[in-house]
Amino acid sequence: MKRKLQAAAVLLVFGVLKLPLEQRVTHDLRTMRLVDEPLHLGVKGNMGQIGLAAAFGGLRGLIATIFQLRAHVEFTRVNWAQVDKYYGFVTQLQPRNARYWEEASWHMAYNAASYYLYNQELKPGLRGQLFHDYVKRGSDILNEGLQLLPDNPRLWQKLGDLHWNRSKDFKAAGDAYWNSFQHGGLNFTERFAAYAYAQSNDPASWTKGYAILKKLYNEKKATPGLIEFLKMLEQNLHIPADQRISDAAPVRKTPDPQAGPQR
Amino acid sequence: MSEASPSSAAVSVAPVRFSPQRVWTLAYATMTQLMRMKILPFLLLFCVLVAAMGFGFSVINPEQQLSQFKTMSLGVLQIFSIVFGIVSTALLLPKDLEDRTLYTILSKPVPRFDYVLGKLLGVLMLIASGLVIIDAVLSLILWVQQSMLFDAAVAQLHTEKQDTPEVVAQMREIVARQGLTWNLHWAVWAIFLKAAVVTTVALLLSCIASSTLFTIVITFCITIIGHGHAMIREFVLQPNLSGTSLRIVSFLLAAICPDLAQFDVVDSVANGEIVPWGAVYEMTGIAALYLTVYLFVTHVVFVEKEL
């Protein structure tokens, strides 16, 4: 009995001493982005037993993958509400994984939105409304992800793609591409930011777009698309003739080329 | 009359010192004992499962496939190592008692600490061997899959006339980040550290309890609580929250259980995060601390336990 009490005393003393150490190690690992923050209670409540097991069991990644596979099954059944629900769990379980935010948004803004847009069984007005709602949902998912990962160039790029291709909000697309480039995105995001600004209805955005394109032109990085948009902006912004570029406008090879991202 | 007589020398037994050689012999014997429990076919089955998983996922993009493969296989590996560590440790002492092996060993000049340490090392050696084998298989599959997926992705880009150097470079970077890197081995190391801590807790409980089932159930409970340790600790350290009784219970849980979430780098590795040396040192250091203290407490309990 005496030995057991001694053992309990050692455990307790060690327990008290280890708490600050554990707190420090956890803080360090969270700073290194290796260990996740605890889950929100609301999510655990929604997911029931399996969610609790995931929250406490250190198997968040595994459970997220299983939910992702279930979402994929629902995707093949075109059950968009379920896809959204499962991806909600996936993104909550793995909030620092940009890929999950991207996929969740892609399913909503592209797959679900297109499904409703081309669904002949629905009234045209409703089709348009559902398309709009799902594009908005996709955009909301990306924005939610960007609140947690504001430095992620890929999420900014996908937001730019979404605004360009789906909601046709070129000012927002330009801002998103520009943010992507500012956070280390690929070079084309800088160019696409300018293209998007050029197509917006906002003169202030045209000025931003013109500045970017002129800089790239001066750096000898001109492409046919860049020259086309630059000439368009020179016209819209009434740039004096002597400051305009000397290149001829490129000849389009196809009736309606779509400069910018393709999905 | 300064020399002790033969009879008195026989009565005062010289203390037996700690012997690494003896501990190694016990550890090796424990490993052999566990190997006889048909662990190898299970490992083989696991390798086949991993291989099937590697090529069985639906592909939306290569990055997704590689990440899913890593998450699934490392997750299963984690479950395997913890379950194996708990169950085998919980079975060891009762089995030795049942077979009377324990009495045979302890009737010889073998200190009880050597026995406990030998048993623990035997289990840990077997877990480590299993993890090394599976890590090798996992690495091989990941490397093959990585090459195949990159080639397929580039071919797809070529078909779509999107194979600009910039896009191909981005694809290469994505596939390389999700493919075989040193981080995968650090994740396996973290899994081993977690399994080692859980195994030591199981050994401690096994020395206290008389029932195998009790040891297994309580160790699983501690494992689950250990994963939520950060939440409990942060609750305890909050100055203005809740009643005294709840705080005392939380404090006891936080003090007794190890924080196992500190070893949960698997998800981050599957997401392509880099594990710095600092993180490896911290994880290894805290695991070593847990092992030392829990082993010491085990010794304190076991040294005078009536068998």
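1. A:Lys220 sits in the loop between helix 10 and helix 11 (224-236) of chain A, where helices (H or I, at least four residues) are DSSP runs numbered from the N terminus. Although A:Lys220 is not a glycine, its phi is positive, at about 60 degrees. The residue counts as exposed because it has 6 C-beta neighbours inside 10 Å; by the convention used here, a residue is exposed if 12 or fewer other C-beta atoms, placed from the backbone, lie within 10 Å of its own, buried if 20 or more do, and partly exposed in between.

2. This is a predicted model, in which local features need a pLDDT of at least 70 and side-chain atom pairs count only at pLDDT 80 or more, while totals for chains, interfaces and linings use all residues. Residues are numbered from 1 along each chain as its sequence is written, and chains are lettered from A and ligands numbered from 1 in the order in which they are written.

3. A:His238, in the segment after helix 11 of chain A, also is not a glycine and has a positive phi, of about 50 degrees. A:His238 is exposed, with 6 other C-beta atoms within 10 Å.

4. Helix 8 of chain A (residues 170-182) has 13 residues and reaches 18 Å from its first C-alpha to its last, close to the 18 Å expected at 1.5 Å a residue, the expected span being 1.5 Å times one less than the number of residues. This helix is mostly covered, with 10 of its 13 residues buried, among them A:Phe170, A:Tyr177, A:Trp178 and A:Phe181. The buried residues of helix 8 pack against helix 7 (153-167), helix 9 (187-199) and helix 10 (203-218) of chain A. Just after helix 8 of chain A, A:Gly184 takes a positive phi of about 95 degrees.

5. The contact between the chains takes 39 residues from chain A and 43 residues from chain B, two residues being in contact if their C-beta atoms, placed from the backbone, lie within 7 Å. On the side of chain B that touches chain A, at least two residues each come from several helices of chain B, including helix 4 (62-98) and helix 13 (277-302).

6. As to confidence, the predictor gives the complex an ipTM of 0.81 and a pTM of 0.75. Chain B averages a pLDDT of 83, and 90% of the residues score at least 70, pLDDT being the predictor's confidence in each residue, from 0 to 100. Over residues 1-10 of chain B, however, the pLDDT is below 50, and this stretch has one contact in the model beyond near neighbours in sequence.
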